[in-house]
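I want to look up a few side chains, the aromatic pairs and the contact between the chains.

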Amino acid sequence: MRFSLTFWRRRSRSRALVCQEVVELVTDYLEDALSAADRGRLEEHLAGCPHCTEYLAQMRETIRLAGRLTPADLTPDMTSELTDLYRLWRAEG
Amino acid sequence: MEPDEELLRRLRAGDERAFVVLVQRYNGAMFRLALSFVDSRAVAEEVVQETWLAALRGLGRFEGRSSLKTWLFTILVNRARTTGVRESRSVPVADAGPAVDASRFGPSGTWASPPEQWIEEAENRVDAAKLSELLQSSFDALPARQREVVLLRDVEELSSTEVCTVLAISEANQRVLLHRGRSKLRQSLESELGGGVR
């Protein structure tokens, strides 16, 4: 995170955020990991910046879509091997 | 859906069918997680089997303080890390580029080339199969450490604390990896689907 942290510290403190900083803070924002002050500055920026608002919406959509990735189905082979494994374990006592 | 606790109770009582249900519930996710750590499907399958066996043997010690899923994933990651380890070859923070390419901003840090719209496209126009193929290949292309975090946090929907437990990493490190991974996925979606409106 060296990039955004130094970048961030250099420019922080009471100055308004610029878009390039906002995109680096979006995850901390969505994960609720920003201080109240930073959160306020970010929301202030969003209120006046349609591009960053769109960017945030796209990050939310990305997360939503990622949630729809489905795991591979089990092959019948793997299921039966695991059943064997269970019986083996039972036999261990 | 029968709760895990009930299945565990039946499993402890020797009910094989409870085991089969748990396998159906978690094996796919475990296999996918294992694939993040090792190079081959065969080794990943082995890791998953070892995990189930370790879980069965440790059943008496599972106290339900974490969810069953988190417990299984933690065992799996420990197994995977001692087994094949694709991970040792990837340097954790080497890939610390910006979320959005610097060329898209002007000298003052405001957008020069703003995000192209694609949400509407993804939700209403793109064929579902094509979209999931696109997502899958973007996801597969992520660096291993980022993929693991995105998988656990956004696909499996563990809490960030649980992700940290499973991968044995700090909250801060977890968020950095998540940030990089999500940003790359967003960029892929924009590159593939964007531009329809502008």
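This is a predicted model: local features need pLDDT of at least 70, side-chain atom pairs count only at pLDDT 80 or more; totals for chains, interfaces and linings use all residues.

I started with B:Glu120, which is partly exposed at a relative accessible area of 42%; by the cut-offs I use, buried is under 20% relative accessible area, exposed is over 50% and partly exposed is in between (1.4 Å probe, protein chains only). I find B:Glu120 in helix α5 of chain B, residues 119-125 (helices are DSSP runs of H or I with at least four residues, numbered from the N terminus).

Residues are numbered from 1 along each chain as its sequence is written, chains are lettered from A in the order in which they are written, and side-chain values use heavy atoms, with hydrogens and water left out.

Next, aromatics. I searched the whole structure and got six aromatic pairs over all chains. Rings of Phe, Tyr and Trp (its six-membered ring) pair if their centres lie within 6.5 Å, and planes under 30 degrees apart count as stacked, over 60 as edge-to-face and the rest as tilted. B:Phe19 and B:Trp52 have ring centres 5.5 Å apart and planes at 80 degrees, so I logged them as edge-to-face. B:Phe19 sits in helix α2 (residues 16-37) and B:Trp52 in helix α3 (residues 41-57), both of chain B, so this pair ties together parts 33 residues apart in sequence. Both B:Phe19 and B:Trp52 are buried. B:Phe105 and B:Trp111 come out tilted, because their centres are 4.7 Å apart and their planes are at 35 degrees; these two are buried as well. I also noted one aromatic cluster made of A:Tyr86, A:Trp89, B:Phe19 and B:Trp52.

Last, the interface. I count 59 residues of chain B in contact with 44 of chain A (contact is heavy atoms within 4.5 Å). The rule gives me seven salt bridges across the interface of chain B and chain A, each a side-chain nitrogen of Lys or Arg within 4 Å of a carboxyl oxygen of Asp or Glu. I looked up A:Glu31 and B:Arg182, whose side chains meet in a salt bridge at 3.1 Å, N to O. On the side of chain B that touches chain A, the elements giving two or more residues are α2, α3, α5, α6 (128-140), α7 (144-155) and α9 (171-193).
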